[in-house]
Amino acid sequence: MTPSDEDLLAFLDGRLDADAHRAVATALDADGALRTRLQFMETSGAALQTVPAPAASGLDDVERWVRAQVAPADARHARPVRSAPASTAAAMRMRRSFTWGPAVAASLLLVTFGGVVGYVLGGGGAIKLPARSASTDGSVTSARAPAPAVEPTLPTWMVRVVDYHTLYARDTLTGVAADQSTRIQLEDRLSRKLARSVHIPDLAARALTFHRGQLLRFQDVPVAQLAYLPDGHGTPVALCLRPTTLKDMDPVLVQFRGMNVVRWRADGLSFVIVGHRDGPTLLADAMAAHTKIRAARDI
Amino acid sequence: MMAQPDHDFCEGLVDALPHLRRFAFVLTDSTSDADDLLQATCERALARSAQFRKGTRQLSWLFSIMDSISKNQRRADATRKRVHSDMANVTPLFDGERDTLGKIHARDVLSLMKTLDRDQAAALTLVAIEGYSYRDAAEALGVPQGTLESRVARGRVALGQAIEQGAPTGPDTDATAERRGNTGRRTAR
């Protein structure tokens, strides 16, 4: 009987008894194809030994965020978590509108987190950030000294998107307009690049006017950036999306780089919307964008 | 309300991050996806820190979480798609330098592992790179030890073929093994 790959592995590992070892050796002498498979195993074994211990570099953001999950015991329970009625209402409305995943209890936590305010919707892949010491006005307090500013972790591409958006001013988009023809051409281009139908949501009902779309790229993955201006005044809001293999995730709102950021995943796309609009407003913007995109897909 | 992860738990998670990132790199199509997977793993681990039994190997527990998340994210044809899409990315890494093993760099090896069947890549990572025993790796990945050994064996063949020939023929799956007459059972011990 021809030895299996499992036999060859055990042969290489030295895990066969004398009789079995002899049987495999005999088979190898007689079978060139078997010797080739053994050679492949030896080659891969040698190559795998060249893989060094993983470097710790490049993980600063994640490491900082993980470490931030442990608060000094005296500060952790210093004050109760503050509720946020207005924000809760907005989040609950959004929650009802999303139909992702199994039904879970809609919950909203407003926590101050080392200088970061995070609204976290329960369920899905969202984590409920642990509460830190919070004052009634939402500012960070500590029983001893102010906690260092800690930002929540975001996927690297979102960090780049947010960083990029910090450069946007109202003037950036003033005078840049996208007519219907431009929108259609852009949607075609983005759909081709992202290998799926991309619809630019009309957010006029949210007092947001679409001005410009760009195709960006991060680590060889295309990222669509759709820039909107609030009617009247206010700084730009950007909706960005890119393909993902990750499962759907409920929306999470955090502050990052001094802006509000809502991210979520749905239907093979990862979304982030960023701007200086207040949290509940941006949550509602995200809900509107998602609803429009899903409606366009279902047509 | 989520239980607060304690200091030791978070330190263990921080220590595990480089290993988790490498595992995520092997399991996913791109660095971006690996970032997402790493983050999702950290989030779930922190959310479920109360379920971790102290005194057990935290890295194994974290590998198990990452493997579980990754598996759940796979679509029906994910394996096939990732093999095809990755080939274009893998080949240029060598730039004509793959004629001898000595010129293959560690990162190339990890990149080539992305062309393997995902389960084989996971098994190979834990056993051949992280140094897990077959039993411990099987426990971390939630499969019988025999299954784990089969994945390692076929992964070793497929990876060696990829290194020597430069163009793997695709994942060496159970189906192809059966066509060769390998049933996953050893004929002798």
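Two residues are in contact if their C-beta atoms, placed from the backbone, lie within 7 Å. The legends below use the word in that sense and describe a predicted model.

**Figure 1. Chain B of the predicted model is built from helices, with nine helices and zero strands.** From the N terminus on, its elements follow the order α-α-α-α-α-α-α-α-α. Chain B has 189 residues, of which 48% count as buried. Where contacts in chain B link residues at least 6 apart in sequence, 63% of them join residues at least 24 apart.

**Figure 2. Chain A contains both kinds of element, 10 helices and eight strands.** Of its 299 residues, 43% are buried. Among contacts in chain A with a separation of 6 or more, 60% are between residues 24 or more positions apart.

**Figure 3. Helix 1 of chain B packs on helix 6 of chain B.** Helix 1 covers residues 7-27 and helix 6 covers residues 118-129. The angle between the two is about 155°, and their axes are 9 Å apart. Helix 1 of chain B is therefore roughly antiparallel to helix 6 of chain B, since an angle over 145 degrees counts as roughly antiparallel. The crossing of helix 1 of chain B and helix 6 of chain B is right-handed. On the side of helix 1 of chain B, the residues that meet helix 6 are Phe23(B), Val26(B) and Leu27(B). Their partners in helix 6 of chain B are Arg118(B), Ala121(B), Ala122(B) and Thr125(B). By class, the residues of this contact comprise five nonpolar, one polar and one charged.

**Figure 4. Helix 3 of chain B packs on helix 7 of chain B.** Helix 3 spans residues 58-73, and helix 7 spans residues 134-141. Their axes lie 8 Å apart at an angle of about 50°. Helix 3 of chain B and helix 7 of chain B are therefore oblique to each other. Helix 3 of chain B contributes Ser60(B), Phe63(B), Ser64(B) and Asp67(B) to the contact. Helix 7 of chain B contributes Asp136(B), Glu139(B), Ala140(B) and Leu141(B). The contact of helix 3 of chain B with helix 7 of chain B has three nonpolar, two polar and three charged residues.

**Figure 5. Thr31(B) is located in helix 2 of chain B.** This helix comprises residues 31-47. Thr31(B) counts as partly exposed because it has 18 C-beta neighbours inside 10 Å, whereas a buried residue needs 20 or more and an exposed one has 12 or fewer. Arg21(B) is 10 residues away from Thr31(B) along the chain, and the C-alpha atoms of the two are separated by 9.4 Å.

Figure 6. Chain B averages a pLDDT of 74, and 68% of its residues score at least 70. For chain A the average pLDDT is 71, with 69% of the residues scoring at least 70. The model as a whole scores ipTM 0.73 and pTM 0.50.

Definitions and conventions
Residues numbered from 1 in each chain as written. Chains lettered and ligands numbered in written order. Predicted model: local features only at pLDDT ≥ 70, side-chain atom pairs only at ≥ 80, totals over all residues. Helix = DSSP H or I, 4+ residues; strand = E, 2+ residues; numbered from the N terminus. Axes fitted to C-alpha atoms, helices over the stretch in contact; angles between N-to-C directions. Parallel < 35°, antiparallel > 145°, perpendicular 65-115°, else oblique. Left-handed = near helix turned anticlockwise from the far one by under 90°. Nonpolar A, V, L, I, M, F, W, Y, C, P; charged D, E, K, R; others polar. pLDDT = per-residue confidence, 0-100.
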